[in-house]
Amino acid sequence: MSTDDLIKAAVEKADANALRLALYQATGDAELAEMRVEWVALRGGVFQWPSLSDEDLVTVRAKAFAFLSDNENHGPRIDVPSDSEMRRLMELFQGGPLTDKEFQAYRGELGLEEFPRDPRWSTPEAPESLDDFNVLIIGAGASGIAMSIKLSRLGINHTILERLDDLSGTWHRHRYPNVRVDTNFLVYQYKFEKRYVFDEYFPTQAAIKDYMDSVARKHGVDERIVFDQEVVDATWDGAASTWRVTASNSAGETSEYSANVLITATGLFATPKMPNFPGLESFAGNVVHTANWDPSLELSGKRIAVIGTGSTGTQILPKIAETAKHVTAFQRTPSWIVETPGLKRKVKEHTRWLLENMPYYWNWATYSQFIATLSMQDVQVTDPYWQASGGVISEKNDVLRKLLSDYVAEKVRNDPELVAKLVPTYAPLARRIVVDSGWYDALMRDNVDLNTNGIREIVPDGIVTNAGELVELDLIVAAAGFEVSRYFYPAEFHGRGGTSFDDLWSKDGARAYLGMTIPGFPNFYSVYGPNSQGRGGGGFLMYVDLWTQYVSEMLIAQIEGGFREVEVKRSAYDAYNEEIDDAVHGLIYESEGKGGYFVNEHGRSGVQMPWTVDEYYARLLPADISDYDVRK
């Protein structure tokens with residue numbers, strides 16, 4: 001492909017509004033700023049996308065082609081605008097004003113600064129007391145990597161304990177067939193890394209692991225990790241204002257560590273949950289949890305059961321069905337599954353070239369994808385007026401339900417029996433929505449059955465359902481999820497006076513202040529803790545950036561203030577959780593989502609936060625140490 005053809009293809013397939021802003025920032029062409037943005041309704045109005053008129057689209061493409069045809073304009077030069085100019089550009093992108101809260105929350109996703117949300121000391125030089133201050137991080141996944149990078153930029157000594165034999169957490173451990181991220185890579189990126197382009201829009205496990213590994217190596221994170229160290233106990237030593245941590249390796253040998261501050265970055269999906277059906281141990285074949293997948297496992301010619309039809313079960317089944325003799329999918333509750341046409345789409349050469357060579361385009365393309373995710377934030381909100389007029393949840397949620405129901409019927413050729421089994425009775429987004437990885441197509445194969453009778457027991461030859469039938473099997477694949485409601489399990493944590501999380505959370509499950517700090521546990525932070533999962537806006541790595549920024553700012557305040565201990569006030573903790581309980585009543589999780597991992601065994605939503613991105617950001621940053629008791 002000639003350079004001209006490459007450029008032509010790039011600008012024709014580009015995100016037009018993102019290209020417009022990139023070109024305007026690079027050239028200052030006033031005509032680009034004067035173009036009108038229209039928000040186009042997609043999928044029945046559930047989603048919205050900022051778009052240009054056909055006439056303006058032609059103009060943008062022509063101007064971009066002319067600009068890029070000059071070789072001197074190639075390259076990712078970036079001039080960081082002032083705050084007022086950045087806000088003006090962001091408002092040009094969306095065709096309307098931003099609130100102060102929205103601007104502060106969204107600007108980091110534009111990624112114009114070299115290191116957005118960069119923690120800084122209040123003085124040019126770091127405090128001398130850093131030599132005697134150290135931090136221990138548990139977990140070397142996405143959160144642990146980001147936390148380590150921010151602490152390194154501050155010069156804070158730290159060590160990471162990782163129970164696996166390599167870094168990247170979930171993306172190292174999960175190697176089952178067909179596993180990939182269900183988020184567009186333009187959203188699933190650290191914004192302090194620029195213009196990393198994956199081979200596919202929704203990268204595979206191996207590609208995400210390569211990304212995490214490259215980021216960790218670049219910033220020296222790998223040099224700070226002690227692998228094969230599973231934390232079994234962490235106890236607060238009040239006399240020394242220190243955490244004492246015991247870890248065990250795979251040989252059963254224990255090691256002791258101590259630190260001024262302890263940060264858990266173990267994540268929500270760290271400990272697999274095995275199904276507890278009677279007779280499981282009697283099964284004559286193999287039983288494997290997807291989190292412990294052995295790539296050498298032979299599937300060809302086997303009779304296989306997949307227990308679970310959430311994100312993991314629906315991902316793995318289509319690939320297993322390609323070689324297995326027969327697969328039975330055991331479904332307790334159906335998932336809402338959304339069509340994602342670009343799921344396995346390759347990133348074309350011209351798109352890669354544009355992201356790498358057009359000044360500012362990567363920034364605006366990633367920001368555009370972020371803004372698109374914000375459409376999801378109000379789909380979980382109940383609308384009493386809509387319900388009073390005969391609706392179920394809200395206009396958007398009901399439209400989404402119809403779209404997803406129609407998609408099921410289309411995929412299973414309007415088979416009434418399958419449609420009845422596969423269409424959920426709860427509202428979309430009350431549980432995690434699932435991306436279709438070929439699940440419905442796999443169900444139409446001759447060697448795949450869907451069983452919804454429920455499992456009574458497991459016997460040596462297979463599974464006996466509640467209907468009394470025996471499904472003969474050679475292999476049982478447990479896609480049964482994780483110990484989501486048991487944060488930090490199975491490690492034991494003991495805070496001030498021996499306080500445990502079980503004691504603190506016995507009433508209605510795990511809670512925290514801002515999802516990260518807990519009374520009775522001084523100098524302790526949880527990254528991706530209780531009620532910290534976003535409700536639709538932004539991507540996971542955006543939240544990782546916010547959480548690690550908060551912890552960094554708290555450590556700055558502690559060190560600069562000369563505080564030996566920092567512990568969240570019980571009053572702040574209680575008030576925040578009362579706010580959560582009040583806010584969640586307007587959402588659909590607890591009324592519609594029971595049985596899914598969003599809702600714990602007490603019937604309370606212990607995973608999701610009820611806030612929009614800007615609402616949570618305003619509560620979180622800048623960190624406020626006045627919410628804490630401090631001791632010198």
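**Salt bridges, a helix face and an open sheet**

A search of the whole structure finds 40 salt bridges. The model is a predicted one. Side chains of opposite charge can pair when their charged atoms come close.

Arg107 and Glu113 join through their side chains in a salt bridge, at 2.6 Å from N to O. Both Arg107 and Glu113 are buried. A network of salt bridges links Glu109, Arg117, Lys150, Lys191 and Asp545.

A further salt bridge joins Glu417 to Lys421, with the closest N and O atoms 3.4 Å apart. Both residues belong to helix α15 (residues 416-422). They are 4 residues apart, about one turn of the helix. An α-helix has 3.6 residues a turn, so residues three or four places apart point the same way. Glu417 has 54% relative accessibility and therefore counts as exposed, the cut-off being over 50%. Lys421 is partly exposed, with a relative accessible area of 25%.

Glu567 and Arg631 also form a salt bridge, their closest N and O atoms lying 3.5 Å apart. This pair links distant parts of the chain, 64 residues apart. Glu567 lies in strand β22 (residues 565-568), and Arg631 in strand β23 (residues 628-631). At 10% relative accessibility, Glu567 counts as buried, because the cut-off is under 20%. Arg631 is partly exposed, with a relative accessible area of 32%.

Helix α4 (residues 54-69) has 16 residues. At 1.5 Å a residue, α4 should span 22 Å; its end C-alpha atoms are 23 Å apart, which agrees. The buried residues of α4 are Asp56, Leu57, Thr59, Val60, Ala64, Phe67 and Leu68. Viewed down the axis of α4, these residues fall within an arc of 160°, so they line one face of the helix. They pack against α1 (3-13), α2 (16-27), α3 (30-33) and α11 (349-357). Asp54, Glu55, Val58 and Ala66 are exposed on the other side of α4.

An open sheet is formed by 4 strands in the order β8-β7-β6-β20, with mixed pairing. Strands β8 (254-259) and β20 (492-494) stand at the edges. Each has a single partner strand, so one side of each is left without a neighbour in the sheet. From one strand to the next, the twist averages 15°. Strand β7 (residues 242-248) runs antiparallel to β8, and 6 bridges join the two. Across this pairing, Val245 stands opposite Tyr257 in β8.

Key
Residues numbered from 1 in each chain as written. Predicted model: local features only at pLDDT ≥ 70, side-chain atom pairs only at ≥ 80, totals over all residues. Heavy atoms only, no water. Pairing = 2+ DSSP bridges. Axes fitted to C-alpha atoms, helices over the stretch in contact; angles between N-to-C directions. Expected span 1.5 Å × (residues − 1). Buried < 20%, exposed > 50% of the residue type's maximum accessible area, 1.4 Å probe, protein only. Arc of directions from axis to C-beta. Contact = heavy atoms within 4.5 Å. Salt bridge = Lys/Arg side-chain N within 4 Å of Asp/Glu carboxyl O.
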